[in-house]
Amino acid sequence: MTTTDEPGRTHTYADLPRLMGLMTGDEKHGPAATSTLDVLWVLYDRVLRTGPGHRDDPERDRFLLSKGHGPMAYYAVLAAKGFVPEEWLPDFGTFHSPLGHHPDRTLVPGVEIGSGSLGHGLPIAVGAALGLRAQGLRRPRVWTLVGDAELDEGSNHEAIAFAGPMGLDRLHTVVVDNSSASHARPGGIAARFEAAGWSVVTADGRDHDALHAAFTAPHPGRPHAVVARVEPKSA
């Protein structure tokens, strides 16, 4: 399903470079943003049950951007899908703009959490999944996007270790792996999730069909992780 930000205008993936190009200024964190572009597009275009008209719907899917220090791709996708006006993009990062260098849930329509220090998005997603379960809401899914370097943070490992045994099957994590982590993991990223009882799929982070298949893979009774591999950050 596609959405529009103005009558008669439908955005496609091909529009995203232009939308990202409208955002200029210092502290753009371009590599951090572009590494997430395809994952974000496939999620919002083909997977997430949400939209500008359903921002407060209790049955909506929740998307939590933990990798929030490079939000240009996120803002471009939100503009393409009609959550925010395209006219906001050129003011990105300026004093009066709602589009800050970290997304703010109180200022940007469609944003579920304020992204600050790395390593907190997955723990919040675990809490959100638990909250939905406690309310008896079984249809909404919780998605969070983290970077591979975030897995250096202990808070994420506690969340991974907790979610598997709890059987949080409405919880989904996408790890964008651009080889920027400082600490290696025996067996790689996927092995860490598998050891905690998660369902895991590794996919090419630029291949939209492969990403969609990974995102929609069945995982009854278990949380699901997708490791989306992209080019190294230094490339």
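A residue counts as buried here when its relative accessible area is under 20%. By that criterion helix H4, residues 72-80, is mostly covered in this predicted model. Nine of its nine residues are buried. They are Met72, Ala73, Tyr74, Tyr75, Ala76, Val77, Leu78, Ala79 and Ala80. These residues pack against helix H1 (16-21), helix H2 (30-34), H3 and S1. After H4 comes Gly82, with a positive phi near 85°.

Gly70 sits in the loop between S1 and H4. Its relative accessibility is 4%, so Gly70 counts as buried. Gly70 and Thr36 are separated by 34 residues in sequence. Their C-alpha atoms lie 8.8 Å apart in space. Thr12 belongs to the segment before H1. Thr12 has a relative accessible area of 39% and is therefore partly exposed. Between Thr12 and Val77 there are 65 residues along the chain, yet 9.5 Å between C-alpha atoms. Val77 itself is one of the buried residues of H4.

Helix H3 is also mostly covered. Ten of its eleven residues are buried. The buried set consists of Leu37, Asp38, Val39, Leu40, Trp41, Val42, Leu43, Tyr44, Asp45 and Val47. Leu37 is located in H3. With 9% relative accessibility, Leu37 counts as buried. Residues up to four places away in sequence aside, Leu37 touches Tyr13, Leu16, Met20, Ala73 and Arg206. Asp169 is 132 residues from Leu37 along the chain, and their C-alpha atoms are 25 Å apart.

H3 also packs against another helix. Two packed helices are described by the angle between their axes and the distance between the axes. For H3 (residues 37-47) and H8 (residues 208-215), the angle is about 60° and the axes are 10 Å apart. The crossing of H3 past H8 is right-handed. From H3, the contact draws on Asp38, Val39, Trp41, Val42, Leu43, Arg46 and Val47. From H8, it draws on His208, Asp209, Leu211, His212 and Phe215. Seven residues of this contact are nonpolar, two are polar and three are charged.

Neighbours within four places in sequence aside, Phe215 is in contact with Val39, Val42, Leu43, Val47, Trp143, Val174, His224 and Val226. Among them, Val39, Val42, Leu43 and Val47 are buried residues of H3. Leu151 is 64 residues from Phe215 in sequence. The C-alpha atoms of Phe215 and Leu151 are 20 Å apart.

Helix H5, residues 121-134, has 14 residues. From its first C-alpha to its last, H5 reaches 20 Å. That is close to the 20 Å expected at 1.5 Å a residue. Which residues of H5 are buried? They are Gly121, Leu122, Ala125, Val126, Ala129 and Leu132. These residues cover an arc of only 145° around the axis, so they lie on the same side of H5. Following H5 is Gly136, whose phi is positive, near 75°.

Conventions
Residues are numbered from 1 along each chain as its sequence is written. This is a predicted model: local features need pLDDT of at least 70, side-chain atom pairs count only at pLDDT 80 or more; totals for chains, interfaces and linings use all residues. Side-chain values use heavy atoms; hydrogens and water are left out. Axes are lines fitted to C-alpha atoms, for helices over the stretch in contact, and angles run from 0 to 180 degrees between N-to-C directions. Helices (H or I, at least four residues) and strands (E, at least two) are DSSP runs, numbered from the N terminus. A crossing is left-handed if the near helix is turned anticlockwise from the far one by less than a right angle, and right-handed if clockwise. Contact means heavy atoms within 4.5 Å. Ala, Val, Leu, Ile, Met, Phe, Trp, Tyr, Cys and Pro count as nonpolar, Asp, Glu, Lys and Arg as charged, and the others, Gly among them, as polar. The expected span of a helix is 1.5 Å times one less than its number of residues. Buried means under 20% relative accessible area, exposed over 50%, partly exposed in between (1.4 Å probe, protein chains only). The arc is that of the directions from the helix axis to the C-beta atoms.
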